[in-house]
Amino acid sequence: MPRRWPWPLPALLAWALCWGAFALLLRVLPPVAALALASALGVAASGWAAGWWRRTLVAGGFPLSLALSGVVALPAWAWLLPLALLMLLYPLNAWRDAPLFPTPRDALAGLAAVAPLPPGARVLDAGCGLGHGLQALRAVYPQARLAGIEWSVPLWALCALRCPWAQVRRADMWKADWRGQDLVYLFQRPESMERAAAKAQAELAAGAWLVSLEFAVPGRVPDAQLLAGSRPVWVYRLPLRAEG
């Protein structure tokens, strides 16, 4: 769904889809199973919304409205299923990072001109989500060896299916070793950028690149800045240079 669609349209459409799916599923499945599958649809659709709180509203809107409606009688434990699905998609230890921020398709256009890489260079998307960043990287570095790291099990599995040409593995991006990478790409939160810069400084070789969509590294001088789409791209070459 295009992000230009105004709020609350993404939420209303997602809730309508969930209710429609629930009504259909009730014809062939027990109520608890119908609740679980319809809630899973809502959690998947939460990626349509921009911002953590809006995504939470999209994911939680259907089960909350179902509980208030009293349409079906369900055991108390059944209402834990939507919460479990949300926790599976957005694990607690990933909440400090960007839960699901897709990279726009054209966001990295022009990156190869300011951060050139030789054929076969190793490029890592740290926190690859559903693979939007990997697809954008492939467009600008078609001869690179692309890899992605994702902690969420559903996102990792879906990303691996969507990007079979990349090496996608389930891991904690902060514990994974970045050594040997020629470029590391991030689309995180602003408060996690200092941590990312410290990890890059410690593990990436001189001449490697750290690329961040939207959020700059505080106190560091970028080697280039792009604005191919609606979000800025900050490009740093190791070792990072301090301001002033």
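## Exercises on a predicted model

The side chains of Asp223 and Arg241 meet in a salt bridge, at 3.7 Å from N to O. This is a predicted model, where local features need pLDDT of at least 70, side-chain atom pairs count only at pLDDT 80 or more, and totals for chains, interfaces and linings use all residues. Residues are numbered from 1 along each chain as its sequence is written, and side-chain values use heavy atoms, with hydrogens and water left out.

### Exercise 1

Find where Asp223 and Arg241 lie, and state what their pairing ties together.

**Solution.** 
- Step 1: recall the rule. A salt bridge is a side-chain nitrogen of Lys or Arg within 4 Å of a carboxyl oxygen of Asp or Glu. The Asp223–Arg241 pair has 3.7 Å from N to O.
- Step 2: Helices (H or I, at least four residues) and strands (E, at least two) are DSSP runs, numbered from the N terminus. Asp223 lies in the loop between S6 and S7, and Arg241 in strand S9 (residues 241–242), so the pair ties together parts that are 18 residues apart in sequence.
- Step 3: check exposure. Buried means under 20% relative accessible area, exposed over 50%, and partly exposed in between (1.4 Å probe, protein chains only). At 39%, Asp223 is partly exposed. Arg241 is partly exposed too, at 42%.

### Exercise 2

Work out how Glu203 and Lys199 are placed in helix H8.

**Solution.** 
- Step 1: their side chains form a salt bridge, with 3.0 Å from N to O.
- Step 2: the two residues are 4 apart in helix H8, so about one helical turn separates them.
- Step 3: An α-helix has 3.6 residues a turn, so residues three or four places apart point the same way.
- Step 4: Glu203 is buried at 19% relative accessibility. Lys199 is buried at 9%.

### Exercise 3

Describe the surroundings of Leu204.

**Solution.** 
- Step 1: Leu204 sits in the loop between helix H8 (193–203) and strand S5 (209–213).
- Step 2: its relative accessibility is 8%, so Leu204 counts as buried.
- Step 3: list contacts (heavy atoms within 4.5 Å). Leaving aside neighbours within four places in sequence, Leu204 touches Trp178, Gln181, Val184, Lys199, Trp209 and Leu238.
- Step 4: Gly180 is 24 residues away along the chain, yet the C-alpha atoms of Leu204 and Gly180 are separated by 6.9 Å.

### Exercise 4

Check the span of helix H2 (residues 31–45).

**Solution.** 
- Step 1: the expected span is 1.5 Å times one less than the number of residues.
- Step 2: H2 has 15 residues, so it should span 21 Å.
- Step 3: its end C-alpha atoms are 21 Å apart, which agrees.
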